[in-house]
Amino acid sequence: MSPVLTSPIKVGHIDDVQELRKCKPTVIPERFVRDMTERPVTACSAQDVPVINISKLGDGEKEISRLADACENWGFFQVVDHGIDFDLLERIEKVGMEFFMLPVEEKQRYAMAPGTVQGYGQAFVFSEDQKLDWCNMFALGLEPRYIRNPKLWPRRPAHFSETVETYSTEIRKLCANLLKYIAMSLGLKGNVFQEMFGSAVQAVRMNYYPPCPRPDLVLGLSPHSDGSAITVLQQGKGNSVGLQIFKDDKWVPVLPLPNALVINIGDTLEVLTNGKYKSVEHRAVTHEDKDRLSIVTFYAPSYEVELGPMAELVDENNPCKYKRYNHGEYNKHYITNKLEGKKTLEFAKIRPENSN
Ligand SMILES: O=C(O)CCC(=O)C(=O)O
Ligand SMILES: [Fe+2]
């Protein structure tokens with residue numbers, strides 16, 4: 001019998017990976033098979049991604065300087081003692097998982113329209129030739145309210161919307177709190193980001209990675225940096241390892257810690273700190289017999305805000321590396337650059353005069 005090459009079910013024009021997997025393909029469809037250089041064979045053994053105890057950040061210099069080190073040298077860290085109910089973390093994971101387990105016909109009601117980033121499907125797919133991720137996504141804009149699209153809020157599973165609402169309120173407080181300490185770790189006033197960001201933009205994306213018969217050939221999520229100021233990533237309990245960050249020319253896995261949340265610095269904070277804090281590239285890989293869910297919150301300034309490197313972080317030794325721009329404009333650039341397969345922060349970089 002010839003191997004199954006495409007899924008019978010598409011969401012928009014894209015193969016739905018959960019449906020594809022149900023067909024038990026013996027050969028991975030070409031659109032998912034990565035070029036040799038992109039295949040996930042290069043991960044090194046796990047290193048100790050820094051762990052920051054949020055409840056100690058108020059106690060003084062020591063934890064704050066550990067935070068500064070994590071932002072400067074890793075761009076990623078895990079937080080513990082973050083004050084969010086473990087029960088809420090479990091509930092969001094449960095409703096997220098239940099959503100992805102719904103029949104595809106039900107999920108298709110919330111399909112992501114082409115060129116948009118909210119709803120069910122795969123974001124940033126722009127050409128027939130582009131390699132696809134071994135992932136199904138569901139994304140919702142949350143704050144400010146006008147970015148919400150009520151038609152995309154699922155009616156099933158029960159309690160989905162209210163759980164997302166409660167979860168997002170808690171994560172928003174965590175982001176504001178973290179940004180206060182991040183400002184302090186830079187020697188700035190604690191409220192500087194809060195004042196600058198205005199009514200912060202917040203969105204949530206759930207990524208579901210079904211098991212893949214050939215995890216060595218595919219990527220769960222292509223390498224990228226986030227456009228946010230900061231991102232909060234919840235790796236599901238009992239999840240397989242999937243997140244990898246690019247550090248010192250190697251892909252380093254981030255091992256899930258029970259009830260911890262992963263935080264990463266996004267492009268916006270890299271610009272604001274004039275490159276002191278890094279927006280690090282990351283990707284997700286898949287597993288042969290385990291699935292994985294991640295719940296990711298992006299937190300960014302209001303679209304109206306003009307931003308650029310902060311004066312306090314620019315001097316003779318650290319000349320200004322980025323242009324000033326409007327965050328709403330940046331958001332459009334982020335999407336267009338992603339669609340064109342470019343690095344998302346490229347447009348904002350200032351080139352030295354003698355370079356080409
Ligand atoms: O699933 C993961 O661990 C990575 C998710 C991610 O990087 C994203 O959604 O931006
Ligand atoms: Fe990301």
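**Second largest pocket**

I started with the second largest pocket of this predicted model and asked which element gives the largest share of its lining. That turned out to be α8, with six residues. I put α8 at residues 327–339, and found β6, β7 and β14 also giving two or more residues each. The space in this pocket comes to about 650 Å³. I counted 32 lining residues, and noted Val117, Ala203, Phe298, Tyr303 and Asn331 as the closest to the centre. By class I got 19 nonpolar, 10 polar and three charged residues in this lining.

**Largest pocket**

Next I went to the largest pocket, which holds about 920 Å³ of space. Its lining has 35 residues, and those closest to the centre are Ser222, Pro223, His224, Glu281 and Lys342. I looked for elements giving two or more residues here and found β8 and α7, the latter spanning 267–272. β8 gives the most, four residues. I sorted this lining into 12 nonpolar, nine polar and 14 charged residues.

**Ligand 1**

Then I turned to ligand 1 and asked how many residues surround it. I got 13, the closest being Arg205, Tyr209, His282, Arg292 and Ser294. The shell splits into six nonpolar, four polar and three charged residues. I checked where they sit: β7 (201–209), β8 (221–224) and β14 (292–300) each supply at least two. β14 gives the most to this shell, with four residues.

I looked up polar side-chain atoms facing oxygen atoms of the ligand. For Tyr209 I read 2.6 Å from a polar side-chain atom to an oxygen atom of ligand 1. For Arg205 the corresponding distance to an oxygen atom of ligand 1 is 2.9 Å. His224 has a side-chain N or O atom 3.0 Å from an oxygen atom of ligand 1. I also looked at the area: ligand 1 taken alone exposes 290 Å², and the protein buries 99% of that.

**Cavities**

I wanted to know which space ligand 1 takes, and it is the largest cavity. I counted three cavities of 30 Å³ or more. The largest has a volume of about 110 Å³. Of its 15 lining residues, I noted Asn207, Leu221, Leu233, His282 and Val296 as the closest to the centre. The elements giving two or more residues to this lining are β7, β8, β13 (282–284) and β14. Here β14 gives the most, with four residues. I sorted the lining of this cavity into seven nonpolar, four polar and four charged residues.

Last, I went through the backbone. Which bonds are cis? I noted the one from Glu143 to Pro144, with omega near -10 degrees, and another joining Arg156 and Pro157, with omega about -5 degrees. Pro144 lies in the loop between β6 (136–143) and α5 (160–185), and I placed Pro157 in the loop between β6 and α5 as well.

His159 also belongs to the loop between β6 and α5. I read its phi as near 70 degrees, positive in a residue other than glycine. I found a positive phi at Asp248 too, about 50 degrees, although Asp248 is not a glycine. I located Asp248 in the loop between β10 (243–247) and β11 (250–253).

Notes:
Residues are numbered from 1 along each chain as its sequence is written. Chains are lettered from A and ligands numbered from 1 in the order in which they are written. This is a predicted model: local features need pLDDT of at least 70, side-chain atom pairs count only at pLDDT 80 or more; totals for chains, interfaces and linings use all residues. Side-chain values use heavy atoms; hydrogens and water are left out. A residue is near a molecule or strand if one of its heavy atoms lies within 4 Å of it. A polar contact is a pair of N or O atoms within 3.5 Å; within protein, one must be able to donate a hydrogen and the other to accept it, and residues adjacent in sequence count only if both atoms are side-chain atoms. Accessible areas come from the Shrake-Rupley method with a 1.4 Å probe; for residues, only the protein chains shown count as cover. On a 1 Å grid over the protein atoms alone, a cavity is a set of points where a 1.4 Å probe fits but cannot get out, and a pocket is an open set with protein on both sides within 12 Å along at least five of seven lines; lining residues have an atom within 4 Å of a point. A molecule sits in a cavity or pocket if more than half of its atoms lie within 2 Å of its grid points. Ala, Val, Leu, Ile, Met, Phe, Trp, Tyr, Cys and Pro count as nonpolar, Asp, Glu, Lys and Arg as charged, and the others, Gly among them, as polar. Grid points are joined across faces, edges and corners, and a volume is the space filled by probe spheres set on the points.
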